[in-house]
Amino acid sequence: MIRLLLCAALLMLVPLTAARVVAETAPAPAPAPASTSSEPYELVRGLQAVQDGIANGDTAAHGSHIALIRQIGEKFLAADANVWSNPQNGQAVVIYMLSGGAPQLVRKLPRDKINVEGRLFDGALAYVEGRQDEARELLKDVKPRTLPSGLGGQVALVQGALFARSEASLAIERLDDARLLLPGTLVEEAALRREILLVGQAEDFDKFEFLTLAYIRHYRNSIYAGDFWQRFSSGLTQSSIALDERRFSRIGSLLEQIDRTSRLKLYLVIARAAMLRGRMEVTRLAGERALTLSADASAERERAHLFRGASRALTDEYDGGLAELKALDRSKLPERDVPLLNATVQLALDVRKPFASGSAAADKPPATPARLDLASSTAALARSQKQLSELELLTRDRRP
C-alpha cells in the first residue's frame, strides 16, 4: 500500500516538474516597446534617464548617450514647427542644450516658434558656445526654484559652474539648489563634484564631510567618480581643513573610502602641509598613517619617516626623532624635501645646544668675560636669520 502511494505521488509530480522546466527554459518575454511619441519633452526625458544611469555606473549608458543626443537632435529638426508652441517643448530645448546637445543644431530650430523665456534660451546657448561672460549676465538673476524642477536643476548646475571663481558663495548656493531640485540624477552627481572643491576652499569642514558622505552613499559607482575624488583631494589639501588634530579621525574615515595608493599620497601631502604650518601633531598623525600604507624601502616610506621624525624631534621625543631623521636615505627623498630635512635637523640641533652646555656647567659658575664676544654673537644671529629665511621660503611652497 505504501509503495502504491509513493508511485502515485511521483506521477503527480512529473507534470509539475516538466512545467517548471519549460517555464525556466522558455525565453523571457520581450520588453515593452518604448514610447513612439516624438514630443521633444518626452525625448529629453529619455535622455535624462540614460544620463542618470551614468551616475549609477552604467557603462552601456555612458557609451550610448552621445549617439542618443545626436538622434534626439535629428528628431528636433524633423519635428513640425507647431510643436514648439508647447512650453514643455520649449523648456526641453534648453535642457537638451545643457545636457550636451549641439548648439549648432539648436540654431537651426525655428527660434521664433520656441515658447521659452528669452534669457534662458540665450543664456544656455551662450554657455554651451563658451561665451561665459554673456552667459553669466543672462543667467545671474534667474531663480532656479521658480522654474520647473527639471529645468531649474539644470540651470542651477550651470550657474554653479559660471560663478565658481567670481562668486563662490553664490555658486555654492546654486549647486545646493541643483541637488535639491533633481535628487538621484546626474545633475545632483555633477553638483556634488563641483561643490566639494568650493566648500573645501571655503574651509567649511562639516559641509565638506556631508557632501563626501552623500557622494559615497549615492554615487560611488558613478562613471565620473574619479573626478569627484580628484576634486576632493584638491579641496582637502588646498585648505586648512585637514590640519586640525581634533578632526583627524574624521578625515581618516573619509580617506578610507579611496584606494590605498591615493590615500598614501594624500597623507603625505597633509603631513608636509602640516609641518610647514607648524601643526606638529597632525604632521605626526599623517606621517604614521603614511608609514602603515607605504612599502619597505620605498620613497614614500622615507618621506613618511621624514615627517614623523620631524614631529618627534621638534616636540617631546627629541632623541628618537633626531635618530629617525639621521637614518633617512636622502637619495630617495624628492629634491624639494632635502632642504626641509636639512633645516629641521639643524633646528633640532640648535634647540638642544643651550641645554647641553648648561647641563655640563651646572655645578660651575660661568666665568665673567673681560668683554663681550660680539663676533660670535653676530655670527650666531646671522646663522639664525639665514635659517629663518630658509624656513620662510619652505612655507611658501604649497605644491602637493
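A residue counts as buried when its relative accessible area is under 20%. By that cut-off, buried residues make up 40% of the 400 residues in the protein chain of this predicted model. The chain contains 19 helices and 0 strands. Of its contacts between residues at least 6 apart in sequence, 62% join residues at least 24 apart.

Helix H12 shows how burial is arranged on one of these elements. H12 runs over residues 225–237, 13 residues in total. From its first C-alpha to its last it reaches 18 Å, close to the 18 Å expected at 1.5 Å a residue. Its buried residues are Ala-225, Phe-228, Trp-229, Phe-232, Ser-233, Gly-235 and Leu-236. These residues lie on the same side of H12, because they cover an arc of only 165° around the axis. The general rule behind such a pattern is that an α-helix has 3.6 residues a turn, so residues three or four places apart point the same way. On the face turned away from the buried side, H12 carries the exposed residues Gly-226 and Gln-230.

What lies over the buried side of H12? The cover includes four helices: H10 (186–201), H11 (205–219), H13 (248–255) and H14 (260–276).

The pairing with H13 can be followed in more detail. The axes of H12 and H13 come within 12 Å and cross at roughly 160°. Angles over 145 degrees count as roughly antiparallel, and H12 and H13 are therefore roughly antiparallel to each other. Their crossing is left-handed. On the H12 side, the residues that meet H13 are Trp-229, Phe-232 and Leu-236, and each of these three is listed among the buried residues of H12. Their counterparts in H13 are Ile-251, Leu-254 and Leu-255.

Glu-129 sits between helix H6 (118–128) and helix H7 (132–139), in the loop that links them. Is Glu-129 buried, exposed or partly exposed? Its relative accessibility is 30%, and Glu-129 therefore counts as partly exposed, since that class lies between the 20% limit for buried and the 50% limit for exposed. Leaving aside residues up to four places away in sequence, Glu-129 touches Pro-103 and Arg-107. Gln-104 is 25 residues from Glu-129 along the chain, and the C-alpha atoms of the two are separated by 8.9 Å.

Terms used:
Residues numbered from 1 in each chain as written. Predicted model: local features only at pLDDT ≥ 70, side-chain atom pairs only at ≥ 80, totals over all residues. Heavy atoms only, no water. Helix = DSSP H or I, 4+ residues; strand = E, 2+ residues; numbered from the N terminus. Expected span 1.5 Å × (residues − 1). Buried < 20%, exposed > 50% of the residue type's maximum accessible area, 1.4 Å probe, protein only. Arc of directions from axis to C-beta. Contact = heavy atoms within 4.5 Å. Axes fitted to C-alpha atoms, helices over the stretch in contact; angles between N-to-C directions. Parallel < 35°, antiparallel > 145°, perpendicular 65-115°, else oblique. Left-handed = near helix turned anticlockwise from the far one by under 90°.
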